[in-house]
Amino acid sequence: MSDPVADMLTRVRNAVEARHDAVMVPASRLKIAIAKILKDEGYIRDYEVLKDGPQRNMKIQLRYIGRKEPILHGLQRVSKPGLRVYVQKAEIPRVYGGLGMAILTTPMGVMTGQQAWRRRVGGEILCYVW
């Protein structure tokens, strides 16, 4: 697998489209940090790291409103292994006019675009969420 973050986002996107309650994803520190941001911002209900065998897995519980209307409408990978996208503190994008968010990896750790803007730090844009 050449891009594990894109694989995670695709699994979550497919599970939301199929209206599943949860999705299993191979775990890593970066993916756990992304899941923590998604939980803190209210896009997913919860996540937990499971140690089954040699590989750690992460179970992401998706969040819906009413009759399976998803809160998470879109996930888009921005920075890819073949083309990394870096921004400075003044260039951090707003997703859907502030209705969505960008997830960045910075020297201070993984954070949302708004948190990076407040801390005046730039970094690599991992994905957009709306």
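Close-up 1. Gln76 lies in strand 6, where a strand is a DSSP run of E with at least two residues, a helix is a run of H or I with at least four, and both are numbered from the N terminus. This is a predicted model, in which local features need pLDDT of at least 70 and side-chain atom pairs count only at pLDDT 80 or more, while totals for chains, interfaces and linings use all residues. Residues are numbered from 1 along each chain as its sequence is written, and side-chain values use heavy atoms, leaving out hydrogens and water. With a relative accessibility of 39%, Gln76 counts as partly exposed; buried means under 20% relative accessible area, exposed means over 50%, and partly exposed is in between, using a 1.4 Å probe and protein chains only. Look around Gln76 and you will find that it touches Leu126, Cys127, Tyr128 and Trp130, not counting residues up to four places away in sequence; contact here means heavy atoms within 4.5 Å. Thr10 is 66 residues from Gln76 along the chain, and their C-alpha atoms are separated by 8.9 Å.

**Close-up 2. Arg77 and its polar partners.** Arg77 is found in strand 6, which covers residues 75–77. Arg77 is buried, at a relative accessible area of 12%. Its side chain makes a polar contact of 3.0 Å with the side chain of Asp3. The side chain of Arg77 also reaches the backbone oxygen of Ser79, at 2.7 Å. A polar contact is a pair of N or O atoms within 3.5 Å; within protein, one must be able to donate a hydrogen and the other to accept it, and residues adjacent in sequence count only if both atoms are side-chain atoms. Setting aside residues up to four places away in sequence, Arg77 touches Asp3, Val5, Ala6, Leu9, Arg84, Leu126 and Cys127.

**Close-up 3. Helix 1 and the residue that follows.** Helix 1 runs over residues 4–17, and its 14 residues should span 20 Å at 1.5 Å a residue, which agrees with the 20 Å between its end C-alpha atoms. The expected span is 1.5 Å times one less than the number of residues. Val5, Asp7, Met8, Leu9, Val12, Ala15 and Val16 are the buried residues of helix 1. As a reminder for this view, an α-helix has 3.6 residues a turn, so residues three or four places apart point the same way. Arg11, also found in helix 1, is partly exposed at 31% relative accessibility. Arg11 touches Val23, Met24, Val25 and Pro26, again not counting residues up to four places away in sequence. From Arg11 to Val25 the C-alpha distance is 7.4 Å, for 14 residues of sequence. Just after helix 1, Arg19 takes a positive phi of about 60 degrees.

**Close-up 4. Helix 2 and Gly42.** Helix 2 has 12 residues, 29–40, and reaches 16 Å from its first C-alpha to its last, close to the 16 Å expected at 1.5 Å a residue. Lys31, Ile32, Ile34, Ala35, Ile37 and Leu38 are buried in helix 2. Gly42 follows helix 2 and has a positive phi, near 90 degrees.

**Close-up 5. Lys68 and Pro70 around strand 5.** Lys68 lies in the loop between strand 4 (64–65) and strand 5. Phi of Lys68 is near 60 degrees, a positive value in a residue other than glycine, and Lys68 is partly exposed at 32% relative accessible area. Pro70, found in strand 5 (residues 69–70), is buried at 8%. Leaving aside neighbours within four places in sequence, Pro70 is in contact with Val16, Arg19, Arg63 and Tyr64.

**Close-up 6. Tyr96 in its loop.** Tyr96 lies in the loop between strand 7 (86–87) and strand 8. Tyr96 is exposed, with a relative accessible area of 52%. Its phi is near 50 degrees, a positive value in a residue other than glycine.
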